[in-house]
Protein chains: 2
Amino acid sequence: MHITDAERKIMECLWQNHPATSTELGESLESATGWRQGTVKALLNRLLNKGAIEAERVGRGYRYSPAVSREHCVSEASQRFLARWFDGRLAPLVAHLSDHRQINRQELEEIKALIEELEDES
Amino acid sequence: MHITDAERKIMECLWQNHPATSTELGESLESATGWRQGTVKALLNRLLNKGAIEAERVGRGYRYSPAVSREHCVSEASQRFLARWFDGRLAPLVAHLSDHRQINRQELEEIKALIEELEDES
DNA sequence: GGCTTGGGTTTACGTCTGTAATCGAATTCA
DNA sequence: TGAATTCGATTACAGACGTAAACCCAAGCC
């Protein structure tokens, strides 16, 4: 299941709020991205074809819902990204970001606290 | 500067070992990816056009070298990835991977040690 | 029953990607 | 010097992507 970036925007809407009609989605996305309704509809169909969303007929139209979780997509994207650039590991990413001043002290602190918490609870 | 995945494979070769002739690259990549020489050459030209590599004429052929550092590309790719999925932040990625058992105890330990080291040295 | 209208479906189209064949120039070999 | 080989440049082409216009159908309105 590979979600493209335009498709991801649709999914973000649906993950946040579902089921939703194409009109609702169209309105959200028109203001957020400037896409026309037809664009949204076409993307919905691509997502349907690849099984990323489900449609349930309600009267004249459909209600769309995600068929894959955000968690699942995030996992796939993370694995792909880490595999490509960091040999599948996370530590080198942390090192890289900190070497290049792309992460601040506070966030590092937050991560450390998070790790400690994870260790405690297990 | 957006490097596609096929292009990235060429770049990885060049970052590791440059300058290199297209024949050398072709040989490395043929065994690693199964690409024909022509494929490699076409990708080299795309990379030249987008300024990601440089070519220096040597006799009949060229020597290619990276014009952008791996570091730079990694930074860009990391920013893009984190922005897409984690609101640009790293901590939620750590949380996600650990929640989904996609990172082991040992690597978390390694990251914690890394952070402590960074704090000490500054 | 025709006309409008709010969906939905199909088709389109330019760009990007991955992969390669083809063409052309240069070099080498007979 | 003509043929064969090498290497690079150009062109190709199918599939994915972003974006949208065109078309079609059911439901309500006059």
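Before counting by element, I noted that helices (H or I, at least four residues) and strands (E, at least two) are DSSP runs, numbered from the N terminus. This is a predicted model, where local features need pLDDT of at least 70, side-chain atom pairs count only at pLDDT 80 or more, and totals for chains, interfaces and linings use all residues. Residues are numbered from 1 along each chain as written, chains are lettered from A in the order in which they are written, and side-chain values use heavy atoms, without hydrogens and water.

**DNA strand D, surroundings.** I call a residue near the strand if one of its heavy atoms lies within 4 Å of it. I found 18 residues around DNA strand D, and the closest include Thr4(A), Arg46(A) and Lys41(B). By element, α3(A) gives the largest share of this surface, 5 residues.

**Residue classes.** I sorted the surface near DNA strand D into 5 nonpolar (Ala, Val, Leu, Ile, Met, Phe, Trp, Tyr, Cys and Pro), 5 charged (Asp, Glu, Lys and Arg) and 8 polar residues (the others, Gly among them).

**Polar contacts** (pairs of N or O atoms within 3.5 Å). I picked out Trp35(A), with a side-chain N or O atom 2.7 Å from a phosphate oxygen of DNA strand D. Arg46(A) instead places a polar side-chain atom 2.9 Å from a base nitrogen of DNA strand D.

Technical notes: A polar contact is a pair of N or O atoms within 3.5 Å; within protein, one must be able to donate a hydrogen and the other to accept it, and residues adjacent in sequence count only if both atoms are side-chain atoms.
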